[in-house]
Amino acid sequence: MLLCPVIGKLQHKRVVLASSSPRRQEILSNAGLRFEVVPSRFKEQLHKAAFATPHAYAVETAKQKALEVASRMHQKDLRAPDVVIGADTIVAVGGLILEKPVDKQDAYRMLLRLSGKEHSVFTGVTIVHCRSKDGQLDTEVSEFYEETTVKFSELSEELLWEYIDSGEPMDKAGGYGIQALGGMLVEYVRGDFLNVVGFPLNRFCKELARLYRAPGAPGAPRRVQRDSIPAVHTFEELGDADAEGSGSGPAPANAGREAGGVRPRAPRTREADLNGVTDSQPPLLAGLLELMYGFKASKVLLTACKLNVFDVLKDRGPLTAADVARKIDASVGGTEHLLDICAALGLLDKSDRGYSNTETASLHLASDSEQSLHGLAAYHDGPVWGAFTQLGRAVREGAAWTPEPLPQAPHERSTEETLQFMRASHGLSKLTAQHVATAFDLSPFTSACHLGGCTGALAHKLVQEYPRLQVTVFDLPEVVKLAGDFQTDAQPSERVHFVPGDLSSDSLPPADLYVLCSLLHDWPEDRLHGLLSRVSGSCKPGAGLLLAELAPAEEEAAGGAARRPPGLRTLGTGRRPRGPGRYQRLLQRLGFQDVQAARAGGLLHVVLGTRAAP
Ligand SMILES: O=c1[nH]cc([C@@H]2O[C@H](COP(=O)(O)OP(=O)(O)OP(=O)(O)O)[C@@H](O)[C@H]2O)c(=O)[nH]1
């Protein structure tokens with residue numbers, strides 16, 4: 001029996017579930033839906049840190065799963081299915097996203113993290129309507145997510161391991177199955193139970209009802225245009241893109257928007273190309289053009305930050321260009337043009353009532369938000385931009401230059417330049433500190449030394465996470481002198497101490513854990529070896545070394561970078577970024593044992609080794 005007003009809408013369509021999850025298959029077939037199952041081959045490895053919220057990550061992953069299947073079936077069958085459904089379930093706790101555990105230890109870490117606490121389960125769902133037109137796949141995407149709160153009891157070690165040994169956690173988000181043995185761990189659930197199991201049936205039915213209202217009514221599925229911030233070709237195109245985006249056909253109130261994050265819009269791009277269905281442009285040529293045009297988008301973003309556009313729009317309703325112009329003390333025409341480009345880049349929302357921040361802009365581009373990257377923007381708009389405008393001259397004259405000019409020449413900096421560098425580093429550290437501090441269980445260590453620890457953002461997170469830990473921040477005297485300007489907490493911890501010194505020449509403060517974070521990625525091999533040998537020499541047997549470094553983009557890690565320009569974050573090293581395996585081998589060669597690697601959010605990977613007795 002099926003309830004015709006909802007599931008019946010799909011009765012005469014070829015429906016495909018792009019999921020291998022037996023739970024999703026069961027939930028949907030119990031609801032009377034007839035469908036084929038084609039598991040997606042999309043790798044669930046999007047950069048989590050690139051998403052403003054956990055649900056934005058789940059929605060994007062669900063979308064990519066569904067689009068991959070739609071595209072593959074279209075190519076293979078020369079006939080696309082009518083509807084493809086994709087879903088992704090994740091657990092979010094304390095700023096972390098948990099997916100399926102990779103092994104028993106991982107399951108243990110996840111369950112320990114959930115023990116005695118509330119967490120959120122998000123399932124992102126995407127419904128892709130497909131049509132073949134002139135041999136091309138045309139897709140219309142609708143997406144949403146559902147959140148359920150789950151509270152776990154305190155779990156004893158014995159119960160944890162018995163549960164892990166049952167094998168149940170391994171294919172389940174967060175390492176538990178609420179519908180089976182895992183139900184015993186749960187104190188209460190607030191929200192849709194089936195959402196935790198893997199598919200929010202109730203919300204899905206509401207979405208179908210909304211989508212299949214009279215054709216042309218508001219809420220008809222929106223055409224998906226592009227899934228990243230568009231490349232800037234000309235400013236004029238960007239203005240057009242915005243006009244297209246806001247004027248052409250109704251977009252459902254929640255499509256794209258609910259995912260949080262930057263909402264994509266793109267100018268005059270062929271749909272099929274963007275969904276990866278056909279890729280008529282050689283990747284290198286597309287990459288080449290993006291490199292040529294990319295600086296325009298950077299400059300728009302950096303300028304809007306500098307003029308405090310995102311501060312003015314934060315926590316306010318939509319403002320007109322004239323309102324914004326008044327507040328930033330700029331011309332109305334110029335401001336309007338800048339705001340339009342920001343909207344076209346997906347940084348602002350534009351409506352009839354004016355402009356407002358996207359969630360991402362308020363979270364990362366306003367100067368006073370907890371996760372602000374305003375300092376990083378100012379650093380790139382100032383010294384980094386300055387260094388790059390002098391690049392040709394530096395190359396011709398043989399002057400030393402690097403893409404990150406300041407850390408390389410610390411003694412030549414003015415106080416303001418040092419502060420600018422510290423603000424940039426502080427923003428990034430605050431964003432990644434939680435992930436770095438919790439990637440491994442560091443509770444056996446009682447003293448740590450963060451080498452190049454700058455403002456102490458990571459040190460403060462470490463002492464918050466580990467109540468027995470004392471942390472020394474070791475950095476250049478001029479940095480230590482200014483570190484007091486950067487309060488990371490209302491109550492600075494007495495367990496964080498600052499010691500001035502130079503990493504490459506002074507003896508390192510004693511500690512049983514040394515930490516290096518986001519420091520080594522653009523160092524040449526000899527300098528890297530030199531520092532790691534010095535650190536290794538300071539480690540007593542049993543002491544640890546924790547390295548947290550930029551993770552190469554997935555395609556770079558997989559060796560695909562040869563076809564593309566190198567990742568921008570490691571620009572200037574002249575080689576592919578080092579993956580965790582490289583650091584693991586280095587530590588092993590230096591006499592560290594039990595060297596393990598883990599992901600720390602989407603931006604970093606972390607490697608931990610223990611110094612063996614000589
Ligand atoms: O309480 C429960 N929580 C979660 C689950 C199951 O966990 C997985 C979540 O993983 P994902 O969303 O990535 O889906 P996959 O299984 O990998 O299938 P895809 O092919 O769609 O990627 C999901 O199976 C949930 O059902 C659970 O069973 N109980």
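Student: Which residues are the closest of those that surround the ligand?

Tutor: Ser19, Arg24, Lys65, Lys100 and Val197. In total, 21 residues surround the ligand. A residue counts as near if one of its heavy atoms lies within 4 Å. This is a predicted model: local features need pLDDT of at least 70, side-chain atom pairs count only at pLDDT 80 or more, and totals for chains, interfaces and linings use all residues. Residues are numbered from 1 along each chain as its sequence is written, and side-chain values use heavy atoms, leaving out hydrogens and water.

Student: What makes Glu36 and Arg14 a salt bridge?

Tutor: The rule asks for a side-chain nitrogen of Lys or Arg within 4 Å of a carboxyl oxygen of Asp or Glu. Here the closest N and O atoms are 2.9 Å apart, so the pair qualifies.

Student: Why is Arg14 called buried?

Tutor: Buried means under 20% relative accessible area, exposed over 50%, and partly exposed in between, with a 1.4 Å probe and protein chains only. Arg14 has 17%, so Arg14 is buried. Glu36 has 33%, so Glu36 is partly exposed.

Student: How do you know that Asp368 forms a salt bridge with Lys314?

Tutor: Their closest N and O atoms are 3.1 Å apart. That meets the salt-bridge cut-off, so the pair counts. Asp368 and Lys314 lie in two loops, so the pair ties together parts 54 residues apart in sequence.

Student: Is Asp368 buried or exposed, and why?

Tutor: Exposed, because its relative accessible area is 57%. Lys314 has 18%, so Lys314 is buried.

Definitions and conventions. Helix = DSSP H or I, 4+ residues; strand = E, 2+ residues; numbered from the N terminus.
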